[in-house]
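Please look at the sequence and the structure as they come up on the screen.

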Amino acid sequence: DYYLKELSMGEYDQPIVGMRSCFDLHVGEHFDAEWSAREWFVVNRAEMYISEDSVLIPHVSMGVEAREQVYGPSGLEDAALTRPDHPLVRYAEQFTRNFDLV
């Protein structure tokens with residue numbers, strides 16, 4: 001989880017050629033607004049299979065989600081809607097697409 005956040009902020013080279021950090025997406029697309037957001041790993045699908053010789057085989061499809069944060073009465077809270085063009089949302093989408101390669 002910590003490494004995901006460091007990757008998304010551009011602390012390290014991206015693990016897949018062509019992936020861009022959220023800061024690269026922010027600067028490259030001229031996203032002018034100041035922003036705050038959070039991201040986390042999610043399980044998109046979890047299944048169990050049984051082999052012919054009765055062995056359980058787990059299968060999990062993972063991903064990353066992101067949510068923009070706004071200031072509310074109690075401090076930072078998740079925005080009701082996060083724009084699909086938000087840099088961290090776009091990073092989460094490309095990380096999810098490449099999850100198995102990463």
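This is a predicted model: local features need pLDDT of at least 70, side-chain atom pairs count only at pLDDT 80 or more; totals for chains, interfaces and linings use all residues.

Which residues does S21 touch, if we leave out those up to four places away in sequence? The contacts of S21 are L7, S8, M9, G10, Q14 and Y91.

Is S21 buried or exposed? Its relative accessibility is 2%, and buried means under 20%, so S21 counts as buried.

Let me now turn to the chain as a whole. The secondary structure consists of 3 helices and 3 strands. In sequence order, the pattern reads α-α-β-β-β-α.

All 3 strands belong to an open sheet, ordered β1-β2-β3, with antiparallel pairing. At the edges we find β1 (36–50) and β3 (75–78), each of which pairs on one side only. On average, and with direction ignored, neighbouring strands in this sheet are turned by 30° against each other.

How many bridges join β1 and β2? There are 14 bridges between β1 and β2, the latter covering residues 56–72, and they pair in the antiparallel sense. As one example, Y49 has I57 in β2 as its bridge partner. Against the sheet packs helix α3, residues 87–97, which touches β1 and β2. The direction of α3 makes about 175° with that of β2.

Next, the overall dimensions. What radius of gyration does the protein chain have, and what would a compact globule of 102 residues have? The protein chain has 17 Å, whereas such a globule would have a value near 13 Å. Along the principal axes, the C-alpha atoms fill a box of roughly 55 × 35 × 20 Å.

Finally, burial, contacts and surface. Of the 102 residues in the protein chain, 31% are buried, and S21 is one of the buried residues. Among contacts with a separation of 6 or more, 53% are between residues 24 or more positions apart. The accessible surface of the protein chain is about 7100 Å², and carbon and sulfur atoms contribute 53% of that area.

Thank you for your attention.

Terms used:
Residues are numbered from 1 along each chain as its sequence is written. Side-chain values use heavy atoms; hydrogens and water are left out. Buried means under 20% relative accessible area, exposed over 50%, partly exposed in between (1.4 Å probe, protein chains only). Contact means heavy atoms within 4.5 Å. Two strands pair if DSSP finds at least two bridges between them. Helices (H or I, at least four residues) and strands (E, at least two) are DSSP runs, numbered from the N terminus. Axes are lines fitted to C-alpha atoms, for helices over the stretch in contact, and angles run from 0 to 180 degrees between N-to-C directions. The radius of gyration is taken over C-alpha atoms; the globule rule is 2.2 Å times the number of residues to the power 0.38. Accessible areas come from the Shrake-Rupley method with a 1.4 Å probe; for residues, only the protein chains shown count as cover.
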